[in-house]
Amino acid sequence: MHVVPALLYTFAIFYGGMSHPPSLDGANVVGMDKVLHACAFGFMQLVVLRAVRYEGSKLSFSGQNRLAFVLVCAVGGILELVQMTTTYRSAELLDFVADAIGAGIVAALVEWRFRRQEACAVPPEPER
């Protein structure tokens, strides 16, 4: 059941990535496309990590986080490859790089937060 949000979000990313791009005549959006890619795939990192964590993975938290990162990067790469098959979209290596950077930043922040919580956890009192 925890996989459903990840699948729906992935579908939404593919739908947006395969639809006709909006006309941006006169708009000053230099670099904004890459920021949007990083944000979208950064959020995907969270959604996919949730799915990986709750579907019975026996990996450590760090392993689950890395697996989620690899899956998110794979989705970004597949989307770019599929966009090559259309006449109205283009595949860009920098889009894939922005996807990976967004997912990587979120993965690093999540890992840092997990390690911090783990370090701050108070060990239980020994029984007497």
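Colleague: How many aromatic pairs does a search of the whole structure find?
Modeller: The search finds 3. Rings of Phe, Tyr and Trp (its six-membered ring) pair if their centres lie within 6.5 Å; planes under 30 degrees apart count as stacked, over 60 as edge-to-face and the rest as tilted. One of the pairs is Y9 with F43, edge-to-face, at 5.2 Å centre to centre and 65° between the planes.

Colleague: Which helices do Y9 and F43 lie in?
Modeller: Y9 is in helix α1 (residues 3-18) and F43 in helix α2 (residues 32-54), so the pair ties together parts 34 residues apart in sequence. Helices here are DSSP runs (H or I, at least four residues), numbered from the N terminus.

Colleague: And what about F61 and F114, stacked or edge-to-face?
Modeller: Stacked, because the planes are at 20°, with ring centres 4.1 Å apart. F61 lies in helix α3 (residues 61-83) and F114 in helix α4 (residues 93-120).

Colleague: Is F61 buried or exposed?
Modeller: Buried, at 10% relative accessibility. F114 is partly exposed at 24%. Buried means under 20% relative accessible area, exposed over 50%, partly exposed in between (1.4 Å probe, protein chains only).

Colleague: Switching topic. What can I rely on here?
Modeller: This is a predicted model: local features need pLDDT of at least 70, side-chain atom pairs count only at pLDDT 80 or more, and totals for chains, interfaces and linings use all residues. Residues are numbered from 1 along each chain as its sequence is written, and side-chain values use heavy atoms, leaving out hydrogens and water.

Colleague: How many strands are there?
Modeller: 0 strands, with 4 helices.

How values were computed: Helices (H or I, at least four residues) and strands (E, at least two) are DSSP runs, numbered from the N terminus.
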